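Have the model open while you read.

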Amino acid sequence: MYTQAIDLPQNHPDSPVTHATGRDLAFEAAIADDRKVEPQDWMPEGYRKTLVRQISQHAHSEVVGMLPEGNWVTRAPSLKRKAILLAKVQDEGGHGLYLYSAAETLGTSRAEMVDALHAGKAKYSSIFNYPALTWADMGTIGWLVDGAAIMNQIPLCRCSYGPYARAMIRICKEESFHQRQGYDIMLSLARGTDAQKAMAQDAVNRWWWPVVMMFGPSDKDSVHSAQTMKWGIKRISNDDLRQKFIDATVPQADLLGLTIPDPDLQWNPERGHYDYGEIDWAEFWQVVNGDGPCNRERLAARVAAHDRGSWVREAATAHARKAAIRERRSAA
Ligand SMILES: [Fe+2]
Ligand SMILES: [Fe+2]
């Protein structure tokens, strides 16, 4: 998930100047002491807006992320693989719900966030705009995409905003199961026939660079990262997270006997890290800005699913209305 922030005013427009100083100080003290900021606490408008943007973007990524894998539930090669994949896809739906709830504590409704996604105004992780072509893509998504997500999300468990940090603790536990199940698929394929091994290598060839891009623009181009770091929303920079991911993943690829498609990838003993090749940022921005291989397909699938579910929302609303009337009558 990319987490670059945007330019925002820092003070709540409704806050009288005379009170803003005291409120500012209380907020700054909470951040400095590493205490959690809670929904009832005063917070600068820029902090609130950055969080709404990041958490809703994260929620959308979880829900849109169900699509490439959801397509494979009916084509899983065994009952066991089908049950595991189904559970994994359901987990992602659950992550979306925790995160929409966390964002709602900042005063934005889930309906508003979903409308922004469907109108093409809200972003989600660029990775889900790539197609999942073979069963090996299920292994590669779990291993690499969920693996990159964990790297990004573990520091968010220490995010300064309480509801987001607490949601991330459970999400990270589930993500580590997702990564394990993906790696297990890759192990089976890597130890399988030549055709299975070739399928696994082909999937890694297609997913590697988009996964490396998931950490967002390079630090030198990520002009708003400093503010999100200062607020304790972001704890580790994009490039540092990317490096940690590459360093952790190369030995895993070696164990599988698969090649990472980067001729410049090599251990640098002086840095104590792997050096890696140039990222194609033109491709990254093209996909982020709506022109990736599957952007239109993914958004159309989300809008269709939302429309098909309207009867459930209407029935639940009607039931809640009737229940409230009954309660009022019995209390009278
Ligand atoms: Fe997830
Ligand atoms: Fe996941």
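1. How far apart are the iron ion (ligand 2) and the iron ion (ligand 1), and which residue coordinates both? In this predicted model, the two ions sit 3.4 Å apart, and Glu92 is the residue that coordinates both.

2. Now the iron ion (ligand 2) itself. Its protein donors are Glu92 (OE), Asp146 (OD), Glu175 (OE) and His178 (ND1), at 1.9 to 2.2 Å. Along the sequence, the spacing reads E-x53-D-x28-E-x2-H. The arrangement counts as irregular because the angles between the four donor atoms run from 88 to 160°.

3. Next, the largest pocket, with about 490 Å³ of space. It is lined by 20 residues, and Val63, Arg110, Arg302, Ala305 and His306 are the closest to its centre. Helix H3 (66–70), H4, helix H5 (110–118) and helix H12 (295–308) each give at least two residues to this lining. By class, the lining has 11 nonpolar, four polar and five charged residues.

4. Last, the second largest pocket, with about 220 Å³. Of its 16 lining residues, Gly120, Tyr124, Val288, Gly290 and Asn295 come closest to the centre. Helix H11 (281–291) and H12 each supply two or more of the lining residues, and H11 gives the most, with four. The lining splits into seven nonpolar, seven polar and two charged residues.

Terms used. Residues numbered from 1 in each chain as written. Chains lettered and ligands numbered in written order. Predicted model: local features only at pLDDT ≥ 70, side-chain atom pairs only at ≥ 80, totals over all residues. Heavy atoms only, no water. Donors = N, O, S within 2.8 Å, 3.2 Å for Na, K, Ca; no water. Tetrahedral: all angles 85-135°; square planar, octahedral: opposite > 155°, others 65-115°. 1 Å grid on protein atoms, 1.4 Å probe; cavity = no way out; pocket = protein on both sides within 12 Å on 5 of 7 lines; lining within 4 Å. Points joined across faces, edges and corners; volume = space filled by probe spheres on them. Nonpolar A, V, L, I, M, F, W, Y, C, P; charged D, E, K, R; others polar.
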